[in-house]
Amino acid sequence: MQSQDFRDAMAKLAGGVVVVSVRTAEGYRGLTASTLISVSADPPLLLVGLEHGSITRQAVVDTREFNVSVLTRTQEFLAERFAGRAPAVDGKWREVRHRLGTNGIPLIEDCAAWLECEVIAVHPAGDHDVCIAGVKVAQAGTGNPLILWDRTFWTIQ
Ligand SMILES: Cc1cc2nc3c(=O)[nH]c(=O)nc-3n(C[C@H](O)[C@H](O)[C@H](O)COP(=O)(O)O)c2cc1C
């Protein structure tokens with residue numbers, strides 16, 4: 001099985017886009033992720049796959065906590081920025097409208113939803129780690145979702 005065949009097939013699986021945010025010694029940090037899924041409702045658990053080379057993944061493993069901001073269609077530029085494809089965000093997130101969660105980690109304003117998470121397990125899985133976390137705070141927002149499908153951003157009306 002060719003890796004490219006797998007990538008091409010998985011590109012046809014539509015999914016939401018989030019920013020996973022963390023606190024590091026150098027300031028706040030975040031990455032764009034499309035691997036977040038709900039695992040359990042009671043207790044509330046989710047998982048996210050984080051690349052081995054990612055600075056955010058290292059902070060998630062070290063600090064055992066992170067937040068999730070579920071992006072809307074109008075936030076495509078933020079998805080690009082937190083994926084390293086547009087100007088980097090500074091450690092104080094001065095250019096990104098945000099508030100701090102109860103855990104002191106940033107949550108992006110005007111998102112479709114927000115989650116505050118505590119890591120309970122990290123499992124190595126190929127070139128990623130699967131991070132399973134308990135959800136301590138969850139809040140729904142508004143707005144049309146940002147959807148990744150066929151390597152392009154879409155939305156529903
Ligand atoms: C649409 C999209 C989805 C992504 N999904 C993930 C993901 O689920 N997990 C991951 O580790 N990286 C994912 N990435 C790549 C990271 O956002 C990117 O490597 C980022 O620059 C890592 O930043 P960091 O090293 O500061 O943590 C995705 C990128 C894009 C554009």
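I sorted the shell around the ligand by class and got 9 nonpolar, 7 polar and 2 charged residues. I counted Ala, Val, Leu, Ile, Met, Phe, Trp, Tyr, Cys and Pro as nonpolar, Asp, Glu, Lys and Arg as charged, and the others, Gly among them, as polar.

The model is predicted: local features need pLDDT of at least 70 and side-chain atom pairs pLDDT 80 or more, while totals for chains, interfaces and linings use all residues. I number residues from 1 along each chain as its sequence is written.

I looked up which residues surround the ligand. There are 18, and the closest are Ala33, Thr35, Thr56, Ala83 and Gly84; a residue is near if its C-beta atom, placed from the backbone, lies within 6 Å of the molecule. Strand E3 (27-33), strand E5 (44-51) and helix H2 (55-63) each give two or more residues to this shell. E3 gives the most, with 4 residues.

Next I looked at the whole chain. I found 3 helices and 12 strands, taken as DSSP runs (helices H or I, at least four residues; strands E, at least two) numbered from the N terminus. The C-alpha atoms fill a box of roughly 45 × 35 × 35 Å along the principal axes.

I noted 3 bridges between E11 (residues 147-149) and E12. Trp149 has Thr152 in E12 as its bridge partner.

How values were computed. Two strands pair if DSSP finds at least two bridges between them.
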